[in-house]
Amino acid sequence: MVDYISGKIAELSPTRVVVDNNGIGYGMEISLQTYALLENKAQAQVFVQSQVNSRDGSEITYGFATKDERALFQLITSVSGMGAASARMVLSSLSAEEFRQAILSENLALLKSIKGIGLKTAQRLILELKDKIVGGAGADNSELFQGPSNETVEEASTALVMLGFNKANVQKAIQNILKQNPDAKVEDIIKAALKML
């Protein structure tokens with residue numbers, strides 16, 4: 001499967017982007033969130049997700065300016081009754097963080113304000129996604145594990161999760177610790193995180 005396409009932006013509209021990579025134009029459906037991030041760029045790296053249209057079996061390719069948005073798209077489409085078009089509408093209406101907060105705070109009014117989302121769908125989104133989002137699903141956390149302290153971070157994270165702490169909370173704590181002390185050792189990260197969690 002193609003993970004991303006890099007190249008020159010040949011065409012861009014609020015719903016579609018064409019990325020020219022070595023003379024081949026790759027067309028992808030996009031959200032307004034991605035459009036806003038690509039709007040003033042000549043070159044781009046667009047993360048890809050292919051979906052099969054349930055009506056006619058055709059394949060539609062969706063593009064995302066960030067891995068985080070793609071991860072959330074995948075999470076939303078995992079909810080029964082939520083197709084790719086509905087997920088794109090959600091991501092066009094709310095930022096990734098706004099959507100996560102709406103789910104976590106059970107904000108039915110905000111979810112219902114999205115075109116095509118009624119009361120039952122909003123309730124289903126909250127019911128099926130709240131625990132997953134609390135657990136860190138639908139977010140790209142790869143930036144946490146980059147850099148020279150990759151093994152150190154993974155080791156500290158694994159240890160804290162094994163101690164019973166929530167993975168999403170552990171990752172936030174480690175990010176905060178590394179901002180203050182980028183060269184922290186495993187034991188320093190764990191000790192600092194235990195005070196925070």
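**View 1. The largest nonpolar core of the predicted model.** Of the 25 residues in this largest nonpolar core, those that touch the most other members are Ile76, Phe99, Ile103, Leu111, Leu125 and Leu129. A nonpolar core is here a set of buried Ala, Val, Leu, Ile, Met, Phe, Trp, Tyr and Cys residues joined through side-chain atoms within 4.5 Å, where buried means under 20% relative accessible area, exposed over 50% and partly exposed in between, with a 1.4 Å probe and protein chains only. Two or more residues each come from strand S5 (59–64), helix H2 (67–77), helix H3 (84–93), helix H4 (96–104) and helix H6 (119–134), and H6 gives the most, with 5 residues. Helices (H or I, at least four residues) and strands (E, at least two) are DSSP runs, numbered from the N terminus. This is a predicted model, in which local features need pLDDT of at least 70 and side-chain atom pairs count only at pLDDT 80 or more, whereas totals for chains, interfaces and linings use all residues. Residues are numbered from 1 along each chain as its sequence is written, and side-chain values use heavy atoms, with hydrogens and water left out.

View 2. Leaving aside neighbours within four places in sequence, Phe99 is in contact (heavy atoms within 4.5 Å) with Leu72, Ile76, Val90, Leu94, Leu111, Leu125, Leu129 and Ile133.

**View 3. Leu91 in helix H3.** Leu91 is buried, with a relative accessible area of 1%. When residues up to four places away in sequence are not counted, Leu91 touches Ser31, Gln33, Phe64, Glu69, Leu72, Phe73 and Ile76. The C-alpha atoms of Leu91 and Thr34 are separated by 8.8 Å, although these residues are 57 residues apart along the chain.

**View 4. The crossing of H4 and H6.** The axes of H4 and H6 come within 8 Å and cross at roughly 110°, which makes H4 roughly perpendicular to H6. Axes are lines fitted to C-alpha atoms, for helices over the stretch in contact, and angles run from 0 to 180 degrees between N-to-C directions; those under 35 degrees count as roughly parallel, over 145 as roughly antiparallel, 65 to 115 as roughly perpendicular and the rest as oblique. H4 makes the contact through Phe99, Arg100, Ile103 and Leu104, and H6 through Leu125, Ile126, Leu129, Lys130, Ile133 and Val134.

**View 5. The ring cluster of Tyr62, Phe64 and Phe73.** A search of the whole structure finds 3 aromatic pairs, a pair being rings of Phe, Tyr and Trp (its six-membered ring) with centres within 6.5 Å, where planes under 30 degrees apart count as stacked, over 60 as edge-to-face and the rest as tilted. Tyr62 and Phe73 form a tilted pair, 5.2 Å centre to centre and with 40° between the planes, and this pair links Tyr62 in strand S5 to Phe73 in helix H2, 11 residues apart. The rings of Phe64 and Phe73 have their centres 4.9 Å apart and their planes at 50°, so this pair is tilted. Tyr62 counts as buried at 6% relative accessibility, and Phe73 does so at 0%.

**View 6. Asn22, a residue other than glycine with a positive phi.** Asn22, whose phi is near 55°, is found in the loop between strand S2 (16–21) and strand S3 (24–29). At 77% relative accessibility, Asn22 counts as exposed.
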